Amino acid sequence: MNIITVATTPFAGQKPGTSGLRKKVKVFQQPGYLENFVQAIFDSLSGQQGKTLVLGGDGRYFNDTAIQIILRMAAAAGFGRVLVGCNGILSTPAASAVIRKQGAFGGIILSASHNPGGPDDDFGIKYNLENGGPANETFTDAVYRRTQEISAYRIVEAPDVDLTSLGETRIGSMQVCIINPVADYAELLESLFDFDRIAGLLARPEFRMRFDAMHAVNGPYAHAILEGRLGAPKGTVINGTPLPDFGGGHPDPNPVYAAELVSALADAQSGLSFGAASDGDGDRNMIVGRGFIVSPSDSLAVIAANYKLIPAYAKGLSGVARSMPTSCAVDRVAAEMGIPCYETPTGWKYFGTLLDAGKATLCGEESAGTGSNHVREKDGLWAVLYWLNILAVRDEPVEQIVREHWRRFGRNIYSRHDYEGIETAKAETLMDELRKKLPTLIGMECDGMRIEAADDFCYIDPVDGSRSDKQGIRILLENGSRVVFRLSGTGTEGATLRLYLERYEADASRHTIPTQESLAPLVALAEKVARIVPITGRKAPDVIS
Ligand code: G16
């Protein structure tokens, strides 16, 4: 095996964000850029000699090229075996499942998630640990430090590996196995849910479902699981072939980018009763009933409240966890069940310790992510199957299930406003000024509600004691209303300001008031205290979800 050492110099800005390193493809295409980052990952590991690495991605532009480079670098780093998804495909939750089932040392996942793909769009890379979950901050900080001092990377001279057919080959002494990307994952999901009952639901003539894979990674998984194992009619899965540019679309399952699915479900003529979609790498989800979109925060709460209906969870939940900006709807379910509810910073990596320690069974985020202790990533198809299992048992429409949930627990009216591509310096000024103002806000009134507390969220992990500061500015009002400000950690251009708004409404007669109307006083408060218009020059958010 001929290992060559290539001299290199550091690139600025290789700091992993909320979920790995995400940049424009053109940035990744600079000679040595990907290699430096991968070498920094390998230099930050210890004990990988002879061990197994899992490798795959969401099939976006540059996926294949990156896989060939990483394979040759993994051989140089001493890995004994790499498991690669056929055609370079592995959804994020499937990669997590394979790492866990195959006892791998870790995995590299290539994805920029819901961001668009193509030569002018985004690419990304992240490292997952042997528990199948995204590396923690201690590791990603070490990788970043290494990228700043790197002077060489090591790579084996070898021809490209054929990724298109299952089988085994070698790069030097390292074995490369091209695996079926769906098999382990599908088997795992089948062990959690009542597949017979779901198949029965899908066979009913009055129940029609559509799953929009958005030309992203979940196409093959949804074809195999929904239409294959569960027998849903062919055509249930649409946009089911992964494309390097996602067909020119934006693979983010929200009402804006999955608008066609939403309007099909709103159209009585379509005969559809249930719709779902997932994102670029298959970990996010959207659940849609007939003319009714379930918000991610509500979805988590409904999932938790219905645990008894699902075989894998029926014995009970040890606890639940949500990211801080996610609505407190699930907190109310946990309180009634008498189980703990953990509030973590944004980023699935923060759920890992809780899941490993058995403190939480279900986790979720406002950013369309839900999952459980079956893997260590959020899982789009898992959420869809969970809902199908609930529907199969309860035999009620989605909207009725959610409205009944609100009647029982009250409604946490919720919305997120995103201001995208703001000049980074302006976004930082806004956050800094707001931070300084926090102590003066206590006692201020907003629409009859008093501000009780205002802080910058700091998290101390209850399992390993690690501390994460500055995780979002919270303004907490009486009766559970909140305004939260955060800068996104997943964008690739400028800064995105996220404004999260929440108001609790126990009175069922008020649950039908339009969400934005209900939250308008909180928007006005946010504008007043953070001076969004004067500082950013933006008069309105780009996306309201
Ligand atoms: C990632 C993280 C999530 C996070 C989301 C949004 O998701 O895994 O935990 O909620 O980003 O983060 P931000 O608000 O910083 O943009 P994904 O689906 O992009 O991998």
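Which side chain makes a polar contact with the side chain of glutamine 400? I looked this up first, and the side chain of glutamate 396 is the partner, at 3.4 Å. A polar contact here is a pair of N or O atoms within 3.5 Å; within protein, one must be able to donate a hydrogen and the other to accept it, and residues adjacent in sequence count only if both atoms are side-chain atoms.

**Basis of the entries**

I worked from a predicted model, in which local features need pLDDT of at least 70 and side-chain atom pairs count only at pLDDT 80 or more, while totals for chains, interfaces and linings use all residues. Residues are numbered from 1 along each chain as its sequence is written, and side-chain values use heavy atoms, with hydrogens and water left out.

**Glutamine 400**

I placed glutamine 400 in helix α14 (residues 398-409). Helices (H or I, at least four residues) and strands (E, at least two) are DSSP runs, numbered from the N terminus. Glutamine 400 counts as partly exposed because its relative accessibility is 39%. Buried means under 20% relative accessible area, exposed over 50%, and partly exposed in between (1.4 Å probe, protein chains only). From glutamine 400 to arginine 474, 74 residues apart along the chain, I noted a C-alpha separation of 32 Å.

**The whole chain**

I counted 17 helices and 27 strands in the chain. Of its 545 residues, 57% are buried.

**Strand β17**

I next examined strand β17 (residues 362-365), which is covered on both faces. Leu362 and Gly364 lie on one side, Cys363 and Glu365 on the other, and all are buried. Strand β15 (residues 320-323) runs parallel to β17, joined by 3 bridges; arginine 322 has glycine 364 as its bridge partner in β17. Two strands pair if DSSP finds at least two bridges between them. With strand β18 (residues 369-372), β17 pairs in the antiparallel sense over 4 bridges, and cysteine 363 has glycine 371 as its bridge partner in β18. β17 and β18 form a hairpin with 3 residues between them, and alanine 368 in the turn has a positive phi of about 70°.

**Salt bridges**

How many salt bridges does the structure hold? I found 37, each defined as a side-chain nitrogen of Lys or Arg within 4 Å of a carboxyl oxygen of Asp or Glu.

One of them joins lysine 26 and aspartate 120, with the closest N and O atoms 2.7 Å apart. Lysine 26 lies in helix α1 (residues 25-28) and aspartate 120 in the loop between β5 (106-110) and β6 (122-128), so the pair ties together parts 94 residues apart in sequence. Lysine 26 is partly exposed at 47% relative accessibility, and aspartate 120 is exposed at 55%.

I also recorded a salt bridge between arginine 284 and aspartate 279 (3.9 Å, N to O). Arginine 284 is buried at 10% relative accessible area, and aspartate 279 is buried at 0%.

Glutamate 343 and arginine 482 meet in a further salt bridge (3.6 Å, N to O). Glutamate 343 belongs to strand β16 (residues 341-344) and arginine 482 to strand β25 (residues 482-487), so this pair ties together parts 139 residues apart in sequence. Glutamate 343 is partly exposed at 24%, whereas arginine 482 is buried at 5%. Salt bridges that share partners join Arg322, Asp331, Glu343, Asp455, Arg474, Arg482 and Glu502 into one network.
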